[in-house]
Structures are given as C-alpha cells and as structure tokens.
Amino acid sequence: MNDTDVSKQIQQMVRFIRQEAEEKANEITVSSEEEFNIEKLQLVEAEKRRIRQEYERKEKQGEVRKKIEYSMQLNASRIKVLQAQDDMVNSMKEAASKELLRVSHDEHVYKNLLKNLIVQSLLRLKEPAVLLRCRKDDLSLVEAVLPSASLEYAEKASVHEPEIIIDRHVYLPPAPTHHHAHGPFCSGGVVLASRDGKIVCENTLDARLDVLFRKKLPEIRKSLFGQDAA
C-alpha cells in the first residue's frame with residue numbers, strides 16, 4: 001500500500017469519525033431541547049396550578065367573607081327587631097303600671113282590694129302571727145279592713161284569727177310622682193311576713209303585675225308579633 005492509499009484511508013476514517021461526532025452532537029442537541037421543553041411545560045403547568053389554586057383560595061375567602069358579612073347584617077337586623085319588640089312590650093308594661101295608680105283613686109274599690117290582698121297573703125303564709133307593711137297613705141284603709149280580713153281568713157282556713165302587727169316604722173314606698181319618677185315606688189297593696197321574717201308574701205299591685213306579665217309574656221308577644229315571637 002502506497003502513501004496515497006494510506007492517506008485516502010486516513011481521510012475516510014476522519015470523515016467517519018467526524019460524521020459520528022456530528023450525529024452524536026445532533027442527538028445530544030435534540031435530546032437537550034426535548035428535556036428543556038418537557039421541563040418548561042412542567043414549570044408552566046405547575047405555575048398554572050399555583051395560580052388556579054390561589055384564585056380558588058381567594059374566591060373561597062371572598063365567599064366566606066360575604067357569608068360572614070351577611071350573617072353579621074342579619075344578626076344586627078334581628079337584634080334591632082328584638083329591641084324594638086322589647087321596647088313595645090316594656091311600653092305596654094309601663095302603661096299598665098300607670099293604670100295601676102288609678103286603682104287607689106277609688107277608695108271603695110281599693111279598700112275592698114286591700115282586704116282581699118290581706119286575706120290572700122294570710123292564706124299563703126298560714127302563720128299565727130304576721131307583720132304587715134303598707135304605704136303610709138294606705139294606713140287608715142288597712143286598719144279599717146284588718147278585722148274583717150282576719151276573720152275571713154280564720155273562717156276559710158279553719159283556724160284562730162292571727163295576730164297581725166302593722167309595721168309603723170317602715171312603710172312601703174309611695175306612689176311615683178313627677179319629682180321622684182325614678183326612685184322606689186309602690187302603686188298600692190301590702191307585704192306580709194312571718195314574725196321571724198323568713199317567709200314573705202309580697203302582694204303589692206306592682207308585684208302582681210310583674211308576675212302576671214311574666215306569665216302572660218309569651219301570649220302578649222304572640223298577639224303582638226305573631227307565632228315566631230311567642
């Protein structure tokens with residue numbers, strides 16, 4: 001083999017090696033581009049998911065905030081309605097309290113009422129000796145009806161007439177006036193207690209109104225505001 005043949009073979013080998021190198025380089029380039037595109041696509045999808053999740057989170061937060069605001073507004077409205085209802089009920093009670101003051105204006109009617117209240121209190125206490133308190137303005141009326149009240153109680157309870165002591169040191173508060181509208185007051189009636197003070201029967205007109213009002217409050221609310229407010 002002469003030099004020319006050797007040179008041709010070397011050139012062929014060089015071309016072959018170069019061709020393989022170029023093909024290998026092309027393969028590496030294509031593979032790198034594919035991997036880059038795949039990774040880029042994954043990153044884009046991941047970012048899309050993150051944005052979507054962030055949007056959903058903010059959307060849910062917005063919905064929750066709206067529900068909270070609606071609930072707060074609804075509760076505020078309910079409180080206003082309940083307050084208005086309570087104000088109306090209290091106004092009715094105040095009006096009834098003012099009407100009680102008229103009871104003592106008719107002496108004959110009020111005198112008979114005092115007697116019945118005393119008898120009722122004695123029947124509740126069932127004590128042989130009691131202490132009675134009344135308004136100072138009612139003292140003469142109480143003294144007038146006390147004997148008949150004591151006798152009526154004894155007949156109804158089938159017992160001896162009790163000893164009834166009128167407390168002349170401590171009286172029930174007077175009726176309310178414009179000058180003392182916010183102080184203690186009593187529209188009338190009596191308070192009886194056992195001699196040791198352990199048992200008390202508060203039978204004033206105001207106390208009876210409170211008891212009646214509490215008892216009838218569901219009916220009053222139902223009558224004023226309907227079934228749901230009862």
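The stops below begin with the whole chain and then move to single elements and residues.

**The whole chain**

Show the protein chain as a cartoon, and bear in mind throughout that this is a predicted model. The chain has four helices and four strands, and if you trace it from the N terminus on, the elements run α-α-β-α-β-β-β-α. The radius of gyration of the protein chain is 49 Å, well over the 17 Å that the globule rule gives for 230 residues, so the chain is more spread out than a compact globule. Turn the view along the principal axes, and the C-alpha trace spans about 165 × 35 × 35 Å.

Of its 230 residues, 23% count as buried. If you colour by charge instead, you can look for 37 positive and 38 negative charges, whose mean positions are 6 Å apart.

**Helix H1**

Select residues 3-103, which make up helix H1 with its 101 residues. From its first C-alpha to its last, H1 reaches 148 Å, close to the 150 Å expected at 1.5 Å a residue. Which residues of H1 are buried? Pick out Gly 62, Gln 85, Val 89 and Leu 100, which are the buried ones in this helix.

**Helix H2**

Move on to residues 107-125, the 19 residues of helix H2, which should span 27 Å at 1.5 Å a residue; the end C-alpha atoms of H2 are 27 Å apart, which agrees. Show side chains here, and look for the buried residues of H2, among them Tyr 110, Leu 114, Leu 117, Ile 118 and Val 119. Further along H2, Ser 121, Leu 122 and Leu 125 are buried as well. Just after H2, select Lys 126, which takes a positive phi of about 55 degrees.

**Strand E3 and Val 190**

For the last stop, select residues 189-194, which form strand E3, and find Val 190 within that strand. Is Val 190 buried or exposed? Its relative accessibility is 0%, so Val 190 counts as buried. Finally, draw a distance between the C-alpha atoms of Val 190 and Asp 138, which are separated by 9.3 Å although the two residues are 52 residues apart along the chain.

Technical notes
Residues are numbered from 1 along each chain as its sequence is written. This is a predicted model: local features need pLDDT of at least 70, side-chain atom pairs count only at pLDDT 80 or more; totals for chains, interfaces and linings use all residues. Side-chain values use heavy atoms; hydrogens and water are left out. Helices (H or I, at least four residues) and strands (E, at least two) are DSSP runs, numbered from the N terminus. The radius of gyration is taken over C-alpha atoms; the globule rule is 2.2 Å times the number of residues to the power 0.38. Buried means under 20% relative accessible area, exposed over 50%, partly exposed in between (1.4 Å probe, protein chains only). Lys and Arg count as positive and Asp and Glu as negative; His and the chain ends are not counted. The place of a charge is taken as NZ of Lys, CZ of Arg, CG of Asp or CD of Glu. The expected span of a helix is 1.5 Å times one less than its number of residues.
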